[in-house]
Amino acid sequence: MFTSNLNWDRIPTKIKRAIETSLEHLNEHKFVLNDTNIEFIDDYCWDLIVCHLKQVLHMNLAHNKLKTLSSHISNLVYLQTLNLTNNHLQELPSSIVLLSNLRILKLGHNQLSSLPRSFSSLTSLEILDLTGNDLTENSLTKDFFQLGNLRALYLGDNLFETFPSDHIDKLGNLQILVLRHNRLRHIPKELTHLSQLQELHIQQNQINVLPPAFGQLDLGNTKHIYRFESNPFIPELALQMGNLTRLASFLKSDVYKEIHQNYYLNFDEQDTNEILRKSSKKNKNVFSKIK
């Protein structure tokens, strides 16, 4: 069956069988090696995969124990779907951005704390799942927000304390944004610039108030999904959460705008006091060491 001159004796049985299965169903254009507990795929194996399955469109490597991903994956130039969910990846090869035909990238439940530069080179990307990693606001550079074709972005169960607001409007086709179960204390008003947004999940964070601009969202539309629960909202806001149409009206009201403004005045004062308290404590420690 194999036409390559490469040495097949070097190939782990699980990988060899996956290649054989793909060749037997060549018209499906897929490579499946999921749920095998495999820890490593070396460059030699990747060369074999590329050699025999150059036209592969869909690759599933989910539910393994992969700690690294070879840069040779970039040779699968026709790849449209890549599933690496539930592995042990701590970083991605920079060459992954060369997969210009990639439409779906699933990286949920790994150990990623950063993303490669030039991520926006993935110009065809429509669905990006980064759920359950170690990402923060610093992981998303300006370049990330150039993914103009992105329709769904899953960032739940990470370590975000804020969400970058400067370039959100570049994600003009975004329909689903999931930020649930992070450490967010604030949510940017610029999310209202996403005119195609149909689902917003910000539940299970540390958010006390919503921007008054959220009143512009079509919160009463039953075809849309807005999840705000399990946040420590101020009492005035918490009372409105049972009815999203009523919530939208309240957010647009002058009463709420004043509450929101006063909240941030108090918040800034508390922030300043906290900084001063930490600074004072640090100075005391320094003086005690001098003595």
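This is a predicted model: local features need pLDDT of at least 70, side-chain atom pairs count only at pLDDT 80 or more; totals for chains, interfaces and linings use all residues.
Nine strands, written here as 9 strands, form an open sheet in the order 1-2-3-4-5-6-7-8-9, and the pairing is parallel. The edge strands are strand 1 and strand 9 (225-227), each of which pairs on one side only, and neighbouring strands of the sheet are turned against each other by 5° on average when direction is ignored.

**Strands 4 and 5**
- Strand 4 (residues 104-106) pairs with strand 5 in the parallel sense over 3 bridges, and within this pairing Ile104 stands opposite Ile127 of strand 5.

**Asp129 in strand 5**
- Asp129 belongs to strand 5, which covers residues 127-129, and this residue is buried yet has no salt bridge.
- The nearest side chain of opposite charge is that of Lys106, 6.4 Å away from Asp129, whereas a salt bridge would require the charged atoms to lie within 4 Å.
- The side chain of Asp129 does make a polar contact, at 2.6 Å, with the side chain of Thr131.
- When neighbours within four places in sequence are left aside, Asp129 is in contact with Leu105, Lys106, Leu107, Gly108 and Tyr154.

**Helix 2**
- Helix 2 (residues 43-52) is mostly covered, with 7 of its 10 residues buried; these are Tyr44, Cys45, Trp46, Leu48, Ile49, Val50 and His52.
- The buried residues of helix 2 pack against helix 1 (13-24) as well as against strand 1 (30-32) and strand 2 (58-60).

Terms used
Residues are numbered from 1 along each chain as its sequence is written. Side-chain values use heavy atoms; hydrogens and water are left out. Helices (H or I, at least four residues) and strands (E, at least two) are DSSP runs, numbered from the N terminus. Buried means under 20% relative accessible area, exposed over 50%, partly exposed in between (1.4 Å probe, protein chains only). Lys and Arg count as positive and Asp and Glu as negative; His and the chain ends are not counted. A polar contact is a pair of N or O atoms within 3.5 Å; within protein, one must be able to donate a hydrogen and the other to accept it, and residues adjacent in sequence count only if both atoms are side-chain atoms. Contact means heavy atoms within 4.5 Å. Two strands pair if DSSP finds at least two bridges between them. Axes are lines fitted to C-alpha atoms, for helices over the stretch in contact, and angles run from 0 to 180 degrees between N-to-C directions.
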